[in-house]
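Please read this briefing alongside the sequence and the three-dimensional view shown below. The points are grouped by topic for a reader who is new to the structure.

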Amino acid sequence: MPSSFDVALRVNGRAAALTLPAEALLLDVLRDRLGLKGAKRSCDSQVCGACTVLVDGAAVSACTYLAVEADGREVLTVEGLERDGRLDAIQQAFVERGAVQCGFCTAGMLMTARALATEEATPTREAVLHYLRGSLCRCTGYSKIVASVLDAAGSEP
């Protein structure tokens, strides 16, 4: 097996071509090679959700996702949600509802909520709670986060 691979992917709409060690994790590539610090390292075991990014629209834990698996794919990080100086609807809802405390988990929550939005246009409160089950926040009671996700979708909080 080769010790390194050429990987070509799109990150937040921009092409990136890198030669990476076979064991390189997507989180490390995003943070250390591409300077995108939104996804956070916390548990390294797919438990907390702080490292969540979207790969071809699906939420993945970048702390355990091999970068080579992203070859030929579209990766979206929290830095890519804003477009032309305008916040994404989910970001705007988090701001308006004050759905942040320390901010450590916020990027992962936003990305998970964004993935939900592509699957369910108007999710129920139960669907939001189910979808966010892998995103841990140590500062809040999740009330404002859930309300923000429902607001962004135009659902009743």
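The sulfur of cysteine 105 lies 3.6 Å from the closest cysteine sulfur, that of cysteine 137, which is too far for a bond, given that a disulfide is taken as a pair of cysteine sulfur atoms within 2.5 Å. This is a predicted model, in which local features need pLDDT of at least 70 and side-chain atom pairs count only at pLDDT 80 or more, whereas totals for chains, interfaces and linings use all residues. Residues are numbered from 1 along each chain as its sequence is written, and side-chain values use heavy atoms, with hydrogens and water left out.

**Cysteines**

- A disulfide is a covalent bond between the sulfur atoms of two cysteines.
- A search of the whole structure finds zero disulfides.
- Cysteine 105 is buried, with a relative accessible area of 11%, where buried means under 20% relative accessible area, exposed means over 50%, and partly exposed lies in between, for a 1.4 Å probe and protein chains only.
- Cysteine 137 sits in the loop between helix H4 (125-131) and H5, helices being DSSP runs of H or I with at least four residues and strands being runs of E with at least two, both numbered from the N terminus.
- Cysteine 137 is also buried, at 12% relative accessibility, and, leaving aside its neighbours within four places in sequence, cysteine 137 is in contact with Cys105, Met109 and Tyr142, where contact means heavy atoms within 4.5 Å.
- Cysteine 137 and serine 42 are 95 residues apart along the chain, and their C-alpha atoms are separated by 12 Å.
- For cysteine 51, the closest cysteine sulfur is that of cysteine 63, at 3.6 Å, which is again too far for a bond; cysteine 51 counts as buried, at 2% relative accessibility.

- The axes of helix H2 (residues 89-97) and helix H5 (residues 143-153) come within 8 Å and cross at roughly 135°, where axes are lines fitted to C-alpha atoms, for helices over the stretch in contact, and angles run from 0 to 180 degrees between N-to-C directions.
- That angle makes H2 oblique to H5, since angles under 35 degrees count as roughly parallel, over 145 as roughly antiparallel, 65 to 115 as roughly perpendicular and the rest as oblique.
- H2 passes H5 in a right-handed crossing; a crossing is right-handed if the near helix is turned clockwise from the far one by less than a right angle, and left-handed if anticlockwise.
- On the H2 side this contact is made by Ala89, Ile90, Ala93, Phe94 and Arg97, and on the H5 side by Lys144, Ile145, Ala147, Ser148, Val149, Asp151 and Ala152.
- The residues of the contact of H2 with H5 divide into eight nonpolar, one polar and three charged, where Ala, Val, Leu, Ile, Met, Phe, Trp, Tyr, Cys and Pro count as nonpolar, Asp, Glu, Lys and Arg as charged, and the others, Gly among them, as polar.
- H2 and helix H3 (residues 106-119) pack at an angle of about 130°, with their axes 9 Å apart, and H2 and H3 are therefore oblique to each other.
- The crossing of H2 and H3 is right-handed, and the contact is made by Ile90, Gln91 and Phe94 of H2 with Thr106, Met109, Leu110 and Ala113 of H3.
- The residues of the contact of H2 with H3 comprise five nonpolar, two polar and no charged.
- Glutamine 91, placed in helix H2, is buried, with a relative accessible area of 11%, and touches Val78, Leu81, Glu82 and Leu110, not counting residues up to four places away in sequence.

**Buried sides of H1 and H5**

- In helix H1 (residues 26-33), Leu26, Leu27, Val29 and Leu30 are buried, and what covers them includes strand S1 (4-11), strand S2 (14-21), strand S3 (52-55) and strand S5 (74-76).
- In H5, the residues Ile145, Val146, Ala147, Ser148, Val149 and Leu150 are buried, and the buried residues of H5 pack against H2, H3 and H4.

**Positive phi values**

- Most residues other than glycine have a negative phi.
- Aspartate 56, in the loop between S3 and strand S4 (58-61), has a positive phi of about 50° although it is not a glycine, and is partly exposed, with a relative accessible area of 48%.
- Aspartate 84, in the loop between S5 and H2, has a positive phi near 50° and counts as exposed, at 80% relative accessibility.
- H1 is followed by glycine 35, whose phi is positive, near 70°, and H5 is followed by glycine 154, whose phi is positive, near 75°.
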